[in-house]
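Here are a few notes to read alongside the model. Keep the 3D view open and find each residue as you go.

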Amino acid sequence: MVASPISREALLAAVRTLPSAPRVLSQLARLLDDPNAELAEVAQLLKRDAALTARIIRVSNSAYYNPGAPYASLEEALARVGFTEVYRLTGFAAAAQLADERLPFYRIKGVELRDNSLLSALIIEARAAEAKIDPRVAYTAGLLRSLGKIALDRLAQVQGRADGFNLHDGEPLVLREIELAGLGNCEVAAVILRDWRFAEVTIEAIRHHYLTSREAPPLAYLLNIATGMAERFGFG
C-alpha cells in the first residue's frame, strides 16, 4: 500500500527533536563565504549549541588535529585548527550528533550511518576539484545525504511502525519508504534541507544522487560515485 505524500509540516515536525548541529552547519557555510568574517563570529555561532561545542573541542584534541597540549576552549581550538579546517571539523561533530541513535526502521546502527556519511563526505570532497565543484559544497552533500533516512525513521517511530526495512532482503529501499510516507528519503532530505537554508546545489545533488533522472546535476553523479566507493570499502 502506497501512502499519500507526507506534508512538509509533518516532516519538519518529525525532525524537530534532532540536534541543531546541521542547521548550525548551514549558517557556518554562509559565514565562511564572507571574506570579512572573523574568528569571534564563528565561535559565537558554534557556541549556540553546547553539545556541538563540546564535540568540536573533543575532536580538535584528537591526535589528527592536535599532537601537543589539549585545547581548553573553543576559541583556542578554532585558532589552531584554522578557517580551512573549521567546517570539516564542525561537519564531523554534526554527523556524530545526528547518528547517536540506532535507526530501527532501517535496522542499522547509528555508528554505521555515521561512518558511511563521513567516508562518503571525505571521498567526494577529495574528488570535487577535478569536477570543478566547491569541495565544501561536495563535503556537505556527502555528509547529509542520509538525512532523509533519519527523518523517515523518526516518522516510523511516531507512527509505531515496527516493520522495519531489511537492507539485506533485496527489496528496493524506496518502495518501503513510499509505503511509509509517500516519498523516498532523497525527496524528504530535500524538503528538510531547503527549510534549513542549505545551498540549492547541495539539495539538488542529494535529491538526484540515486540517478533516477537524466537531469541530475554533476554533483549528484559525484555523490553517487562516492557512496558506491564507501560501500566497496565496507561502509555501505
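This is a predicted model: local features need pLDDT of at least 70, side-chain atom pairs count only at pLDDT 80 or more; totals for chains, interfaces and linings use all residues.

1. The protein chain has 13 helices and zero strands. Its radius of gyration is 18 Å, close to the 18 Å that the globule rule gives for 236 residues, so the chain is as compact as a globular protein of that length. Along the principal axes, the C-alpha atoms fill a box of roughly 55 × 40 × 35 Å.

2. Next, see how the chain packs. Of the 236 residues, 51% count as buried. Among contacts with a separation of 6 or more, 66% are between residues 24 or more positions apart.

3. Now look inside. The largest nonpolar core has 75 residues, and those with the most contacts within it include Val42, Leu46, Leu143 and Trp196. Leu193 is also in that group. Which residues does Leu193 contact, leaving aside neighbours within four places in sequence? They are Leu144, Leu147, Phe198, Ile203 and Ile206. In soluble globular proteins, nonpolar side chains tend to be buried together.

4. Ile225, Met229, Phe233 and Phe235 make a nonpolar surface patch of about 380 Å². Phe233 lies in the segment after α13 (218–232). Is Phe233 buried or exposed? Phe233 counts as exposed because its relative accessibility is 53%, and the cut-off for exposed is over 50%.

How values were computed
Residues are numbered from 1 along each chain as its sequence is written. Side-chain values use heavy atoms; hydrogens and water are left out. Patches are made of residues with over 30% relative accessible area and no salt bridge: like charges are joined within 9 Å, nonpolar side chains (Val, Leu, Ile, Met, Phe, Trp, Tyr) within 5 Å. Accessible areas come from the Shrake-Rupley method with a 1.4 Å probe; for residues, only the protein chains shown count as cover. A salt bridge is a side-chain nitrogen of Lys or Arg within 4 Å of a carboxyl oxygen of Asp or Glu. Helices (H or I, at least four residues) and strands (E, at least two) are DSSP runs, numbered from the N terminus. Buried means under 20% relative accessible area, exposed over 50%, partly exposed in between (1.4 Å probe, protein chains only). A nonpolar core is a set of buried Ala, Val, Leu, Ile, Met, Phe, Trp, Tyr and Cys residues joined through side-chain atoms within 4.5 Å. Contact means heavy atoms within 4.5 Å. The radius of gyration is taken over C-alpha atoms; the globule rule is 2.2 Å times the number of residues to the power 0.38.
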